[in-house]
Amino acid sequence: MFENYAFPDPAIEESIKRLSLLLDAVQEETDFLRSLVKSVQCNVKTGELHVDLASRRKTLGLTQAQLAEKVSVTRSAVAMWETGAGNPRFQTLPVLAEALGCTVDELVSTQVPKE
């Protein structure tokens, strides 16, 4: 950004260089996080849940209705998730993960897709 500009004070020049490096690192992290969110959203939309919801629910001794109540959805929504006929909304994943005693990462693949 300021590669071709000569600063009269070397301290200012060094500060600008460090700030530029920091901004580059922040941009890389932001790009990575955007890709990660996109991947999770994509996997939820395509039914790539990586936890057998029915098995996990049964292991916890929960009925579909009980899980639905914990997650604030209908029993039929839980049934659709378990059969792959539907998927939880992105914002539901943290609540579902907590109810099932797992992490969002365990629910969905977090592999960043190749563009």
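This is a predicted model: local features need pLDDT of at least 70, side-chain atom pairs count only at pLDDT 80 or more; totals for chains, interfaces and linings use all residues.
In which helix is Arg-57 found? The points below answer this and then cover the rest of the model.

1. Arg-57 lies in helix H2, which spans residues 53–59.

2. Is Arg-57 buried or exposed? Its relative accessibility is 7%, and buried means under 20%, so Arg-57 counts as buried. Setting aside neighbours within four places in sequence, Arg-57 is in contact with Leu-62, Thr-63, Gln-64, Leu-67, Glu-82 and Leu-100. Across the chain, buried residues make up 27% of the 115 residues.

3. The overall layout is simple to state. The chain has 6 helices and 0 strands, giving the pattern α-α-α-α-α-α along the sequence. Of the contacts between residues at least 6 apart in sequence, 64% join residues at least 24 apart.

4. Helices H3 (residues 64–71) and H4 (residues 75–83) pack with their axes 8 Å apart, at an angle of about 105 degrees. Angles of 65 to 115 degrees count as roughly perpendicular, and H3 is therefore roughly perpendicular to H4. On the H3 side the contact involves Gln-64, Ala-65, Leu-67, Ala-68 and Val-71; on the H4 side it involves Arg-75, Val-78, Ala-79, Trp-81 and Glu-82. Sorted by class, this contact has 7 nonpolar, 1 polar and 2 charged residues.

5. Which residues touch the most other members of the largest nonpolar core? This core has 18 residues, and the ones in question are Leu-53, Leu-67, Val-71, Trp-81, Leu-96, Leu-100 and Leu-107. The elements giving two or more residues to the core are H3, H4 and helix H5 (93–100). H5 provides the largest share, 5 residues. In soluble globular proteins, nonpolar side chains tend to be buried together.

6. The average pLDDT is 80, and 75% of the residues score at least 70. The highest confidence is in H3, at a mean of 97, and the lowest is in helix H1 (residues 10–45), at 76. Over residues 110–115 the pLDDT is below 50, although this stretch has 12 contacts in the model beyond near neighbours in sequence.

Notes:
Residues are numbered from 1 along each chain as its sequence is written. Side-chain values use heavy atoms; hydrogens and water are left out. Axes are lines fitted to C-alpha atoms, for helices over the stretch in contact, and angles run from 0 to 180 degrees between N-to-C directions. Helices (H or I, at least four residues) and strands (E, at least two) are DSSP runs, numbered from the N terminus. Angles under 35 degrees count as roughly parallel, over 145 as roughly antiparallel, 65 to 115 as roughly perpendicular and the rest as oblique. Contact means heavy atoms within 4.5 Å. Ala, Val, Leu, Ile, Met, Phe, Trp, Tyr, Cys and Pro count as nonpolar, Asp, Glu, Lys and Arg as charged, and the others, Gly among them, as polar. A nonpolar core is a set of buried Ala, Val, Leu, Ile, Met, Phe, Trp, Tyr and Cys residues joined through side-chain atoms within 4.5 Å. Buried means under 20% relative accessible area, exposed over 50%, partly exposed in between (1.4 Å probe, protein chains only). pLDDT is the predictor's confidence in each residue, from 0 to 100.
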